[in-house]
Every structure is written in structure tokens, then in C-alpha cells.
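I opened the file and kept notes on what I looked up. The entries follow.

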Amino acid sequence: MDDKKPSRPNSTSSKYSTERVAVETYDEFVEPIEVVASRTSHANQAGLSKQITGVSLGTTYTQEPHFEVDFDDDDPGNPKNWPVWRICLSIFIITFSTLTVVLYSTSYTAGIPGMMKEFHVSQTISVLGLTFYLLGLACGAVVLAPLSEMYGRRPVYLASMAVFTALILPCALAHNMEGIIITRFFGAFAGSVMVSNSPGTIADLVPEEYRALAFSMFAIGPLNAPSFGPLIGGFVYENLGWRWTDWVVLILAGISLIAVCCLPETYAPTLLRKRAAKKRKETGDSRWWSRYDDRKSIGQLLKINLSRPFIMAVTEPICIFWNLYVSVIYSILYLCFVAYPIVFGQLRHWNPGFVGLSYLGIAVGSFLTIALEPLFRRLINSHKPENGRIPPEAMVAVVCIAAVCAPVGEMIFAWTCTPNVHWIAPIIAGVPFGAGNTAVFIYASNYLARSYGIYAASALAGNTVLRSILGGVLPLAGPAMYSKLGPNIAGTLLSALEFALIPIPFVFYKYGGRIRKSSALISQMQADQDKLDGRRKATEAREARRIARERVDDEEQSVVIEPKGEKLEV
């Protein structure tokens, strides 16, 4: 389609079919939600007109359809039609890069004793480096995510990863704690591009039927990175010093930056905009267009991104309760990265490298959740469809299981972490704890995404910001809490807090459908969807009539002449 005028559309072709369109989300580890929308071929990550991204969806009816630039079924320019090896390589690149960014958040904790000794600061002050890193991830995700809608994935990845890599150097060479804390914030701000945009890139590359598998493979990296960080950082700090925890991540970030340079553009709206501009330039015909030519300014996008998530977070019951629940689970997980060094380092007198090994239980639990994805998928699909689709509450069925596993693991850890109990017991306790946390993050995010459809990005952005803030602040209380209350009582309180929140997923599993119907925003979304479906049907009817008329015209132009008994068709 690049060099020739597009052929006349056929009413049965994919060009005018209704497809499930993947709407991009800005959360780390969520499968992009799907909504049925009228469009003119390739499923991609563009949103509806009211979506947070600001990119409109659907054919622009005032334009001439013959001059619309779009992907053909087997178009090699469509990222979904790339060779399998190229798709796998691209997914590996973003998985490794995301792992590097997330790993840097917790590898820092292994070097805290060295920083305390060199800079003569308290443990609470040292933990601020972790706190501000998580705050940087939260702020950066909200700001950087819409930039890919304006300029494409590739330039945003390149610029942000270059800044992230460069800002690791000042941390490794820092002469005071203030410099480390501030630099880590801005480094995380830039690195958040991998956390927020990677799910969208996977949706760019992988067709719907294989997307769940792709996301499970991708999740292995970022979901286990928090556990790998202290493990790697512990041995590095023990043998090379705390500054080498930064140097090692700098090496990994350099490799990631080089790899990202090899990552082509995958965002379909950007590719189609460039293709349409190229056609206009080559032919001199301004009628060539793509449905993504009309873009909102970055100011408009940021205004929507910065306002709607917070409005939904305080007005939507689903967002209010699920933001609270996920934030508490997330913050207790990050508190473990302060508690484990106290329990295994100070109480059991393990060296930093072996303290890092104590996180293996959490890592095994996370792997277990990912490995059980086919079983969870079967559980989800066993629910009765709602309007032809599995209801969002089916996702909550998995969260209900996870909601019990996480506090049980925390409670076992609380009463086995002291030196009078064998060391293997608290490590084993990390298995249900890690499995529960991972399942909550994946399936709670999917529940929010499927509940809010085109507003999923806003719901998930608010969830990400709140959980990152609480996940960064709560670890500050860890040293004092474990010191004054002791590991048994401190762990019991955290477990009791998680137990107290168990009713939230169970209530939404049973009554979530009613709650969704009572939401004004979801009702408005459904009304907009009905209008969109009406437009789609009207467009398809007009196209069918046009094709019928053209066939009649073609038949009328065919004249049969029979001279001397011979048939001659003109």
C-alpha cells in the first residue's frame, strides 16, 4: 500500500471488520484490556476519543476512504506481521530493560550499611533513596506515558533510557547522601518509561490470541527484579563495596541502552502517520490520510493524564477500594526489603550476600504464580459470560486466592524469623507471600482495566501513583517498627493488616457487577460504546450499498453482441 492506491474495499474484508482493539495501559504488569470498537483494520494501541491518550479511534467520516493509509492483512510494516524471531527479540529487549530499571530500586538496599558508615547517616535517611526512587517511578509514568502517543515508542525509549543510564553515574560517584537521593529520583523518573510503556509495546507486537503468553513471559523479569536486586546487590556489596551496586546496574543499563537502539518503532498510529505523510509527499496529493493524523498537543494530554486518574481515585468506588488494597500489599512487599536485612543480617548475623539469598523464597513464589497462568486462565474462563465476554469479576477469583496466600506467608515469616527457628522456615514462608503478591498485582490490575475499558489507563495510573507513594513511604517506618516491637510483633501487625483487607476482593467478586452498574463513569462508557457500535453498523451498511451499486454499474456496462452465430462479449 506504500506505493499504490489502495484497492477498493470489500465488505467482507478485514478493512471494515470489527476487531478487539488493545487499549494501552500505563501499569507495569497488566495485560492491555480490550474493547470492541469500530475501526478500519489493524488492532493497535490507540484509544477512543475519550481515552487518556487523546488519540481518537475509528475512521474519520469526512475523509475519503479510498485514500486512507492502513495496514494490509499481510503487510510486513505491521509489527504484528514481523517474523517470530524479531518479535521475540523485541520482547526480550524490553523485558531486560524493565528488569534493569526495577532491579535498581531494590539492589540499592543491599548497600545501605556501607552508605550509613561512609556518610554517617541513620538507616531511615538511607532508606529515603528507595522512597524517592519509587516516587520517581510514579511521577515519570504519568508524564512519560503520553509522550509515546505523540512521538512513538522508539524516540521516548531512547531519550529516557539515555537519561536513566547517565544518572546512575552521579550516584556511583556521590560524596553525600543528598546527591544520591535526588539523583535516584530523577533517574527513576526517566527509567519509568520502561515500566509504563512496555505493556503497550507487547500489545503492539503480539496478536490477541498469544498476548497472555507473551505477558506471562515478560512478567518473569520485572516481577522478580525486586527479589533479584538484593540478591545481586548483597554479593556485590560484600565483595566490592556499595558503590559497585551502582556500577553493576550502570553496566546493565548500558547494555539495555544499546539494545533499545536496535528496537524499531512498534506503535501503529505513529507508523501510519509517517506512512500517510510519506504518501502525501511522494504523490503531492493531500488527500492521503490516516485516522491518527489528528493529534492532541502534549499540554492537552498531560492535562488529562494528571487530572482524570486522581478524580477517578476519589470518586469511583472500585478505584477507591482497589487502590487501597493494592497499595497496602505493595507497600508491605517493599517493607520486606528493609525487614529482611534486619532479620537475617542483624539477628542471624548473615553476611550481605547470604541476606540476598533469603529473598529466593519470594522469587520462587513469583515464578510459581506465572507458571500457574494456564490454570488461572482456565478458572477465569469457567465463569459465565456477560454480554458475550467474561465478566471482570472473573479476575477477582484469582485475587481471592492470593489475598489469603500473602498474609499467611507474612504470618509464618513473623513467627519463624527469629534465630531460635531454623533459617529455612522464614525463607519458605516467602513462597506463598511472593505468589500472593504477584497474583494481586497481575489480576487486580486486569480487573481495573477490564472494568473501566477506555478509561483503564486513568484507573491504572491512579493506582500506580498511590501504590508507589505508599510503597516508598512505609519502608521508612520499618527500622523503627522492627526495633521497638521486635520482628514477631511487627510481622504480625503487617499480616493482620493484610488479613483485615481480605474482604475487599471477596466483596467485589460477589457484588462487583452491581457496583460497576452503579458507576456513572462506566455507564457513560457503555453509552459511548453503544453509539460507536451504531456508527460502525451504519458505516458497514453504507459500504455494502456502495459495493452493490458498483456491481450493478459493472453489469450494465457489459454488452453481448452475437454476429453470425458467434458470441462476442464487449
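Which side chain meets Glu393 in a salt bridge? I found Arg516, at 2.8 Å from N to O; a salt bridge here is a side-chain nitrogen of Lys or Arg within 4 Å of a carboxyl oxygen of Asp or Glu. Glu393 lies in helix α15 and Arg516 in helix α19 (residues 503-517), so the pair ties together parts that are 123 residues apart in sequence. Helices are DSSP runs (H or I, at least four residues), numbered from the N terminus. Glu393 is buried at 7% relative accessibility, and Arg516 is buried at 10% (buried is under 20% relative accessible area, exposed over 50%, partly exposed in between; 1.4 Å probe, protein chains only).

Source notes: this is a predicted model, in which local features need pLDDT of at least 70 and side-chain atom pairs count only at pLDDT 80 or more, while totals for chains, interfaces and linings use all residues. Residues are numbered from 1 along each chain as its sequence is written, and side-chain values use heavy atoms, with hydrogens and water left out.

I then looked up the count, which comes to 4 salt bridges. One of them joins Glu118 and Arg243, with the closest N and O atoms 2.7 Å apart. Glu118 is in helix α2 (residues 112-119) and Arg243 in helix α8 (residues 243-261), 125 residues apart. Glu118 is partly exposed, at 37%.

I also noted Glu373 with Arg377, at 3.3 Å from N to O. Both lie in helix α14 (residues 373-381), 4 residues apart, about one turn of the helix. Glu373 is buried, at 12%.

Key: Helices (H or I, at least four residues) and strands (E, at least two) are DSSP runs, numbered from the N terminus.
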